[in-house]
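Subject: Structure handover

Hello,

Here is the structure I said I would pass on. My notes on what turned up in it follow below.

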Amino acid sequence: MQYYYSDNGANQYGPVALDQLREARITPATLVWRDGLPSWVPAETVPELKELFAPPVVQGVVEEPQQPTAGDLVPAYATPAGGQQEQQYVGYQHAPQIQPTNGMAVASMILGIVGIVGGCLVIPSVLAIIFGHMARGQIRRGQGSGDGMALAGLIMGYLWTALTVAVILLYVLFFVVLIGAAAASSSSSPRPF
């Protein structure tokens with residue numbers, strides 16, 4: 001069987017036999033044509049050419065094809081109208097994208113940092129706790145990613161809120177002891193006649 005092939009649509013070569021096609025080092029995306037094909041198609045879609053693209057066998061081990069990662073271009077196929085069995089090559093499309101980061105997780109982490117850096121700012125720390133819990137709930141339901149950021153915001157928020165409450169309680173305790181000591185010293189001193 002004789003084949004024709006094209007390099008990026010600029011030049012056409014052929015007719016060549018299968019062995020010559022193998023020596024030409026065509027890729028799966030190289031466009032080829034032979035008698036019986038309705039138009040130029042990628043080489044990977046022609047059944048007898050698939051062996052040219054099989055993974056090499058090294059000492060009995062077959063390399064597994066790599067799965068596309070987000071942003072990679074992967075071949076896209078469409079079934080032509082009319083219900084034909086053979087799929088038609090339609091180009092490349094992007095692989096599925098990674099989920100975006102949840103905005104509340106980012107807000108929780110930033111508010112936790114602001115609460116700590118800002119000194120006695122309890123409000124950002126409390127908001128970090130609220131946003132952190134809301135973000136973790138949304139992330140569990142599949143609404144974005146960023147669980148680590150939400151957790152960091154929660155930890156900083158709880159830590160700074162607890163520290164602030166402890167300092168306030170120490171001040172209150174100090175003043176209660178001071179007032180109690182002043183009251184005790186005034187009642188124990190002798191009164192003039």
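Buried means under 20% relative accessible area and exposed means over 50%, with partly exposed in between. That scale is needed for several residues below, and please keep in mind that this is a predicted model.

Overall layout

The protein has four helices and eight strands. In sequence order the pattern runs β-β-α-β-β-β-β-β-β-α-α-α. Of the 193 residues in the protein, 24% are buried. Taking contacts between residues at least 6 apart in sequence, 47% join residues at least 24 apart.

Salt bridges

There are two salt bridges in the structure. One of them joins the side chains of glutamate 48 and arginine 34, at 2.5 Å from N to O. Glutamate 48 sits in the loop between strand S4 (41-42) and strand S5 (57-58), and arginine 34 in the loop between strand S3 (31-33) and S4, so the bridge ties together parts that are 14 residues apart in sequence. Glutamate 48 has a relative accessible area of 27%, so this residue is partly exposed. Arginine 34 counts as buried because its relative accessibility is 13%. Not counting residues up to four places away in sequence, arginine 34 touches Met1, Gln2, Tyr3, Val46 and Glu48.

The side chains of aspartate 147 and arginine 136 form a salt bridge too, at 2.9 Å from N to O. This pair links distant parts of the chain, with aspartate 147 in helix H4 (residues 147-188) and arginine 136 in helix H3 (residues 122-140), 11 residues apart. Aspartate 147 is partly exposed, with a relative accessible area of 31%. Arginine 136 is also partly exposed, at 23%.

Nonpolar core

Which residues make up the largest nonpolar core? It consists of 11 residues: Tyr3, Tyr5, Val16, Leu21, Ile26, Val32, Leu37, Val41, Ala43, Val46 and Leu49. In soluble globular proteins, nonpolar side chains tend to be buried together.

Leucine 37 is in contact with Val32 and Val46, leaving aside its neighbours within four places in sequence. Valine 16 is part of strand S2 (residues 11-16), and its relative accessible area of 13% makes it buried. With neighbours within four places in sequence left aside, valine 16 contacts Met1, Gln2, Tyr3, Tyr5 and Leu21. Methionine 1 is 15 residues from valine 16 along the chain, and their C-alpha atoms are separated by 8.3 Å.

Strand S2 also holds proline 15. The peptide bond from glycine 14 to proline 15 is cis, with omega near 5°.

Threonine 30

Threonine 30 is in the loop between helix H1 (18-23) and S3. Is threonine 30 buried or exposed? Its relative accessible area is 12%, so threonine 30 is buried. The side chain of threonine 30 reaches the backbone nitrogen of threonine 27 at 2.9 Å. Leaving aside neighbours within four places in sequence, threonine 30 is in contact with Tyr5, Ser6, Val41, Pro42 and Ala43. Among these, Tyr5, Val41 and Ala43 belong to the largest nonpolar core.

Helix H2

Helix H2 (residues 103-117) has 15 residues. From its first C-alpha to its last, H2 reaches 21 Å, close to the 21 Å expected at 1.5 Å a residue. The buried residues in H2 are Ala105, Ser108, Leu111, Gly112 and Gly115. Seen down the axis of H2, these buried residues fall within an arc of 130°, so they line one face of the helix. An α-helix has 3.6 residues a turn, so residues three or four places apart point the same way.

At the N-terminal end, H2 is capped by asparagine 102, with a side-chain oxygen 2.8 Å from the backbone nitrogen of methionine 104. After H2 comes glycine 119, whose phi is positive, near 85°.

Regards

Definitions and conventions. Residues numbered from 1 in each chain as written. Predicted model: local features only at pLDDT ≥ 70, side-chain atom pairs only at ≥ 80, totals over all residues. Heavy atoms only, no water. Helix = DSSP H or I, 4+ residues; strand = E, 2+ residues; numbered from the N terminus. Buried < 20%, exposed > 50% of the residue type's maximum accessible area, 1.4 Å probe, protein only. Contact = heavy atoms within 4.5 Å. Expected span 1.5 Å × (residues − 1). Arc of directions from axis to C-beta. Polar contact = N/O pair within 3.5 Å; in protein donor to acceptor, adjacent residues only side chain to side chain. Core = buried A, V, L, I, M, F, W, Y, C linked by side-chain atoms within 4.5 Å. Salt bridge = Lys/Arg side-chain N within 4 Å of Asp/Glu carboxyl O.
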